[in-house]
Amino acid sequence: MAKAFASQGDLGEKRITFDETGEGLFAFTAEGDPNSGVIIGDDSVMVVEAQATPRLAGKVIEKVREVTDKPITHLVLTHYHAVRVLGASAFEAGQVIMSEKARAMVAERGQEDWDSEFQRFPRLFEGHESIPGLTWPTTTFHGRMSVYLGKRRVDIMQVGRAHTAGDIVIFVPDQNVMFTGDIVEYRSACYCGDGHFHDWPGTLEAIRAFDLDAIAPGRGDALIGREMVNSSLDLTKDFVRSTYGPAARVALGGGSLKDAWDAVRAECDPKFSDYAIYEHCLPFNVSRAYDEARDIDTPRIWTAERDLQMWEALQG
């Protein structure tokens, strides 16, 4: 391999912030690293996203304990990716919730994803030796479900495919605030390696239709106020379309994956090269866009071996 993945050299500590997005709602953010969310109910707490390891999950728990001593009873995982779910054991939540599709993806490709992500982004797996194994939900649903934290209702919904086929969002109607997982990012590259480019813009519009007062996105700063919410939806949509369009034109014209890489860079570098994890995401995004343009609807499983083969092909 000519050079390492960009993410393998990303070893610096990130500054953690813990912003209130509504009454009893918080976004745990870390300069483009995976975010988590906190929803405080009358007598208990729901956490959204588990981080990659129990040790990293401990940093979320520390922030929770700064604002409440109520027990963490529910953990909601917006999709199956290792960096989002493998820290789940640290929360000791009685209920771990995923969509039915996300659970199926754990069964189908969870171990492969863990091996792949660990190889290409080692910093996000601090304390990996403490991971007890794959994370499985205690509760799954299709379409929509509600959880009541005392009087506080939390709606957990599938609003469309985007970052993965199993994506969900978490909506707190009493504050008009949503936790979107990686469907929405703020000044951070979207990871599209398991994405659905054709569906993603429509899913963003389904979120926009809620006319939200705040969003806790998958990566990047909390989005406070409708202007910031809509700006981030626009930026995320532009990122997805700017990635897919050039790759699709190359693929449908018979060009190579390397040709698609060059075309996407020409379109995206001027707009997005300063986004967090941009260089890390780009090869996986181009590969998935190239496949989807050729009518491969289900993303191919990323393995540690496939990662390296793809990366070598793009260096030629």
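Reply: A cavity here is a set of grid points where a 1.4 Å probe fits but cannot get out, and its lining residues have an atom within 4 Å of a point. The model is a predicted one.

Me: Which residues lie nearest the centre of the largest cavity?
Reply: The structure holds four cavities of 30 Å³ or more, and the volume of the largest cavity is about 150 Å³. Its lining consists of 14 residues. Those nearest its centre are V83, E117, Y191, R219 and H280.

Me: How many charged residues are in the lining of the largest cavity?
Reply: α2 (82–85), α3 (100–120) and β11 each supply at least two residues of this lining. By class, the lining of the largest cavity has four nonpolar and four polar residues, and its charged residues number six.

Me: Which residues are closest to the centre of the largest pocket?
Reply: The largest pocket holds about 210 Å³ of space. It is lined by 16 residues, and the closest to its centre are A30, D33, L56, K59 and R123.

Me: Which elements each supply at least two residues of the lining of the largest pocket?
Reply: By class, this lining has eight nonpolar, two polar and six charged residues. At least two residues come from each of β2 (25–30), β3 (33–40) and α1 (54–67).

Me: What is F125 in contact with, leaving aside its neighbours within four places in sequence?
Reply: F125 is one of the residues that touch the most other members of the largest nonpolar core. Contact requires heavy atoms within 4.5 Å. With those neighbours left aside, F125 is in contact with A52, T53, L56, A82, V83, L86, W114, E117, F118 and I131.

Me: What is the bridge partner of M178 in β12?
Reply: The open sheet of six strands has mixed pairing and the order β8-β9-β10-β11-β12-β13; its edge strands are β8 (144–149) and β13 (223–224). Strands β11 (residues 177–185) and β12 (residues 214–219) run parallel and are joined by five bridges. In β12, M178 has as its bridge partner I215.

Technical notes
Residues are numbered from 1 along each chain as its sequence is written. This is a predicted model: local features need pLDDT of at least 70, side-chain atom pairs count only at pLDDT 80 or more; totals for chains, interfaces and linings use all residues. Side-chain values use heavy atoms; hydrogens and water are left out. On a 1 Å grid over the protein atoms alone, a cavity is a set of points where a 1.4 Å probe fits but cannot get out, and a pocket is an open set with protein on both sides within 12 Å along at least five of seven lines; lining residues have an atom within 4 Å of a point. Grid points are joined across faces, edges and corners, and a volume is the space filled by probe spheres set on the points. Helices (H or I, at least four residues) and strands (E, at least two) are DSSP runs, numbered from the N terminus. Ala, Val, Leu, Ile, Met, Phe, Trp, Tyr, Cys and Pro count as nonpolar, Asp, Glu, Lys and Arg as charged, and the others, Gly among them, as polar. A nonpolar core is a set of buried Ala, Val, Leu, Ile, Met, Phe, Trp, Tyr and Cys residues joined through side-chain atoms within 4.5 Å. Buried means under 20% relative accessible area, exposed over 50%, partly exposed in between (1.4 Å probe, protein chains only). Two strands pair if DSSP finds at least two bridges between them.
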